[in-house]
Amino acid sequence: MKINEIKELTLDELAARKRELRNELFQLRLQQQNGQLEKPSLIRDTRREAARVETILTQKSRAAQPAVK
């Protein structure tokens, strides 16, 4: 998923996507431990996409909060 596609998602969709990615990452790590993972680069790609989602989620949640002085 591209960064522009991630930016278009709502807060609820971002949270759901974050959960999906974390679950997928867990499954990939299990496959790696069992020696069944054919593409080890999937772990890195999934971890990076999860980081992108978390970054946009943080930015949007901070923008939604009123500024406190």
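Which residues gather in a patch of positive charge on the surface? They are Lys-2, Arg-29, Arg-47, Arg-48 and Arg-52. Keep in mind that this is a predicted model, where local features need pLDDT of at least 70, side-chain atom pairs count only at pLDDT 80 or more, and totals for chains, interfaces and linings use all residues. Numbering starts from 1 along each chain as its sequence is written, and side-chain values use heavy atoms, with hydrogens and water left out.

**Overall build**
- The chain has three helices and zero strands (DSSP runs: H or I of at least four residues for helices, E of at least two for strands, numbered from the N terminus).
- Its radius of gyration is 15 Å, while a compact globule of 69 residues would have one near 11 Å (taken over C-alpha atoms; the globule rule is 2.2 Å times the number of residues to the power 0.38).
- Along the principal axes, the C-alpha atoms fill a box of roughly 50 × 20 × 20 Å.
- Buried residues account for 20% of the 69 (buried is under 20% relative accessible area, exposed over 50%, partly exposed in between, with a 1.4 Å probe and protein chains only).

**The positive patch**
- Patch members have over 30% relative accessible area and no salt bridge, with like charges joined within 9 Å; a salt bridge puts a side-chain nitrogen of Lys or Arg within 4 Å of a carboxyl oxygen of Asp or Glu.
- Helix 3 (residues 41-64) supplies the largest share, three residues.
- Arg-29 sits in helix 2 (residues 11-34) and is partly exposed at 43% relative accessible area.

**Asn-23**
- Asn-23 is also in helix 2, partly exposed at 44% relative accessibility.
- From Asn-23 to Ser-61 it's 38 residues in sequence and 22 Å in space, C-alpha to C-alpha.

Definitions and conventions: Patch = residues over 30% accessible without salt bridge, like charges linked within 9 Å, V, L, I, M, F, W, Y side chains within 5 Å. Areas by Shrake-Rupley, 256 points an atom, 1.4 Å probe, with all protein chains shown as cover. Lys, Arg positive; Asp, Glu negative; His and termini not counted. Charge placed at Lys NZ, Arg CZ, Asp CG, Glu CD.
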